[in-house]
Amino acid sequence: LDAAPWSLEPPALDKLMSKIRLAGTPQAKFAGVKPCRGILTGFNEAFLIDTATRNRLVREDPNSAEVIKKYLRGQDIARWATGWSGQWMIFAHHGIGIGSYPAIERHLLTFRDGLEPRPRDYRGTHWPGRKPGSYRWYELQDAVDYWKLLESPKIFYPDITWRSSFCLDDAGLYTNNTVYFLPTRDSWLLAVLNSPLIWSYCWRHASHGKDEALRLFTDFMITLPIASPSAA
């Protein structure tokens, strides 16, 4: 391990990768958690808003603040830390009583054609709204039963990346489906995930997408080998 992983010749590098795999503990077992996906709205234009819109909705109805969450975009994910850009998400979860949030309802009404779920018996060629599902027009497209985990400490990472981009969030930020998170604030795990050694392992074992970007699929992240630290 005296040499940087990327400077090793293939036989030595293969030996190193094997050693990492054998010595490490699968991430899901090491941390006791599995990756969770960010929120799929089905219509970002309606549910993702800027600070000016958020402030207007709260002025119109102070209750709006209860369901407007700070939102982190994929491009806001950086190594070690996040960089919130002033974006917000209307978290209209399944079962929300939209009548309790009149300003939110008025805002979403302006997008209603694009928000309507397609009836399952629809036989037309073009539907202006979202996919079929058991959600109401004003609700997010997919149920997010684990949403409370978003309000707890977690490690964010993008599902498509060209570099180590794991970061800790203690601020309860929400995010969309281009970002995944591990519901833990284990600083050792964060350090290992951002290490050059694990990046080298990911480069050789994770799926590669367009322009050689890595795809950090859930199955891969569950089994990613994590070395246990010494007491020191």
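Trainee: Where is the place of Gly129?

Mentor: Gly129 lies in the loop between helix H6 (112-115) and strand E6 (154-158). This is a predicted model: local features need pLDDT of at least 70, side-chain atom pairs count only at pLDDT 80 or more, and totals for chains, interfaces and linings use all residues. Residues are numbered from 1 along each chain as its sequence is written, and side-chain values use heavy atoms, with hydrogens and water left out.

Trainee: What makes a stretch a helix or a strand?

Mentor: Helices (H or I, at least four residues) and strands (E, at least two) are DSSP runs, numbered from the N terminus. The protein has 9 helices and 13 strands.

Trainee: Why is Gly129 called partly exposed?

Mentor: Its relative accessible area is 22%. Buried means under 20%, exposed over 50%, and partly exposed in between (1.4 Å probe, protein chains only). The value of 22% therefore makes Gly129 partly exposed. Across the protein, buried residues make up 44% of the 232 residues.

Trainee: Which residues does Gly129 touch, not counting those up to four places away in sequence?

Mentor: Asp113, Gly114, Leu115 and Glu116. Contact means heavy atoms within 4.5 Å. Ser18 is 49 Å from Gly129 in space, C-alpha to C-alpha, and 111 residues away in sequence.

Trainee: What makes a set of residues a nonpolar core?

Mentor: The members are buried Ala, Val, Leu, Ile, Met, Phe, Trp, Tyr and Cys residues, joined through side-chain atoms within 4.5 Å. The largest such core here has 37 residues. Ile39, Phe47, Ile68, Ile90, Ile104, Leu108 and Phe156 touch the most other members. Among the elements that give two or more residues to this core are helix H4 (51-60), strand E4 (68-72) and helix H5 (102-109). A second, separate core of 25 residues includes Leu16, Ile20, Leu182 and Phe220.

Trainee: Which residues is Ile39 in contact with, leaving aside neighbours within four places in sequence?

Mentor: The list includes Met89, Phe91, Leu140, Val144 and Leu150.

Trainee: Why is H4 called oblique to H5?

Mentor: Their packing angle is about 130°, and the axes are 8 Å apart. Axes are lines fitted to C-alpha atoms, for helices over the stretch in contact, and angles run from 0 to 180 degrees between N-to-C directions. Under 35 degrees counts as roughly parallel, over 145 as roughly antiparallel, 65 to 115 as roughly perpendicular, and the rest as oblique. About 130° falls in the rest, so H4 is oblique to H5.

Trainee: Which residues meet there, in H4 and H5?

Mentor: Thr53, Arg56, Leu57 and Glu60 in H4 meet Ala103, Ile104, Arg106 and His107 in H5. They divide into 3 nonpolar, 2 polar and 3 charged. Here Ala, Val, Leu, Ile, Met, Phe, Trp, Tyr, Cys and Pro count as nonpolar, Asp, Glu, Lys and Arg as charged, and the others, Gly among them, as polar.

Trainee: How do you know that E2 and E10 pair?

Mentor: Two strands pair if DSSP finds at least two bridges between them. E2 and E10 have 2 bridges, so they pair, and they run antiparallel. Cys36 stands opposite Phe181 in E10. Both strands belong to an open sheet of 4 strands, in the order E2-E10-E6-E8.

Trainee: What makes strand E2 (36-37) and strand E8 (167-169) edge strands?

Mentor: Each pairs on one side only.

Trainee: In which sense do E4 and E9 pair?

Mentor: The sense is parallel, over 2 bridges. Tyr71 stands opposite Tyr174 in E9. Their open sheet has the order E3-E5-E4-E9, with mixed pairing.
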